[in-house]
Amino acid sequence: RGLEQRFPRVRYEVIVIDDGSTDGTRDEFKRFSPDICIVESGHRGPVPLLNRGVEEARGHFVTFLDADDQMGQMCVSRLLAAARRHGRAAAFSYGDYWEMATDGAVKRISLRGNPFNGVTGGFLFRKSVLHALGGFDESLLFAEHDMIARLKRRGYHGNYVEEPLWTYLRRPGSLTADPEAVARGLEALRAKHGTNFPIRAY
């Protein structure tokens with residue numbers, strides 16, 4: 001879910017990066033709207049898909065959504081308004097989100113004072129800044145946190161929206177559900193930056 005935004009449809013584009021799905025993804029999206037751009041990537045993994053999406057995007061800003069997560073109807077408009085609050089120095093914006101467990105339990109995750117509490121889907125980035133930094137580091141599991149750290153080091157900042165804007169589904173089979181994969185990902189991030197980041201427990 002994420003296509004029903006309360007934002008003029010002519011002002012944003014939807015790009016679907018199909019990582020080798022076999023469930024009729026292309027047909028379903030085309031049935032919803034014929035102007036959705038669908039790009040086949042061929043099992044490249046999550047972070048290369050982010051970079052491919054940025055390459056394909058024609059607008060000045062980009063945001064992301066995994067297939068099983070849900071974007072609230074005000075997400076794009078709220079994040080875009082926040083990113084524009086303080087001119088070009090605001091390289092990104094972000095907001096709170098709902099986290100849904102597999103049993104349906106939901107809790108609010110706050111990012112106040114700590115964007116590292118977020119995950120990829122809750123950020124909106126200026127495309128020009130992502131290009132300037134060479135895109136997301138495809139060797140990292142936590143590439144979004146690496147990007148935030150690099151942006152801050154360059155003097156950019158992000159603007160916060162104190163409102164849950166989307167829903168993140170915790171799935172047993174995801175990479176972040178694997179404690180060993182998470183530990184390796186955090187160690188790789190620490191090794192690159194020489195510090196630990198205040199990332200919430202997975």
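User: Which residues of α3 are buried?

Analyst: This is a predicted model, in which local features need pLDDT of at least 70, side-chain atom pairs count only at pLDDT 80 or more, and totals for chains, interfaces and linings use all residues. Residues are numbered from 1 along each chain as its sequence is written, and side-chain values use heavy atoms, with hydrogens and water left out. Buried means under 20% relative accessible area, exposed over 50%, and partly exposed in between (1.4 Å probe, protein chains only). The buried residues of α3 are C75, V76, S77, L79, L80, A82 and A83.

User: Why is α3 described as largely enclosed, and which strands do its buried residues pack against?

Analyst: Helices (H or I, at least four residues) and strands (E, at least two) are DSSP runs, numbered from the N terminus. Helix α3 is largely enclosed by the rest of the structure because seven of its nine residues are buried. Its buried residues pack against β3 (61-63), β4 (70-71), β5 (90-100), β7 (123-126) and β8 (157-169).

User: What does F136 touch, leaving aside its neighbours within four places in sequence?

Analyst: Contact means heavy atoms within 4.5 Å. F136 is among the residues with the most contacts inside the largest nonpolar core. With those sequence neighbours left aside, F136 is in contact with V47, L50, N51, V54, F64, F125, L130, A143, E144, M147 and R150.

User: Which residues do ring pairs link into a cluster?

Analyst: Rings of Phe, Tyr and Trp (its six-membered ring) pair if their centres lie within 6.5 Å; planes under 30 degrees apart count as stacked, over 60 as edge-to-face and the rest as tilted. By this rule there are 14 aromatic pairs. One of them is the tilted pair of W166 and Y168, with 6.0 Å centre to centre and 55 degrees between the planes. The cluster joined by ring pairs consists of F64, F92, Y94, F123, F125, F136 and Y160.

User: Which residue of β7 is the bridge partner of S93?

Analyst: Two strands pair if DSSP finds at least two bridges between them. Strand β7 pairs in the antiparallel sense with β3 over three bridges, and F61 stands opposite R126 in β7. Strands β5 and β7 also pair in the antiparallel sense over three bridges. There, the partner of S93 is L124.

User: Which residues of β7 point the other way from F123 and F125?

Analyst: In a regular strand the side chains alternate between the two faces of the sheet. In β7, F123 and F125 point one way, and all four residues of the two groups are buried. Pointing the other way are L124 and R126.

User: How many disulfides are there?

Analyst: A disulfide is a pair of cysteine sulfur atoms within 2.5 Å. C75 counts as buried at 1% relative accessibility, while C37 is partly exposed at 29%. By the sulfur rule, the number of disulfides is zero.

User: How far apart in space are S21 and G42, C-alpha to C-alpha?

Analyst: S21 lies in the loop between β1 (15-18) and α1 (25-32). Because its relative accessibility is 31%, S21 counts as partly exposed. S21 and G42 are 21 residues apart in sequence, and their C-alpha to C-alpha distance is 8.9 Å.

Definitions and conventions
Core = buried A, V, L, I, M, F, W, Y, C linked by side-chain atoms within 4.5 Å.
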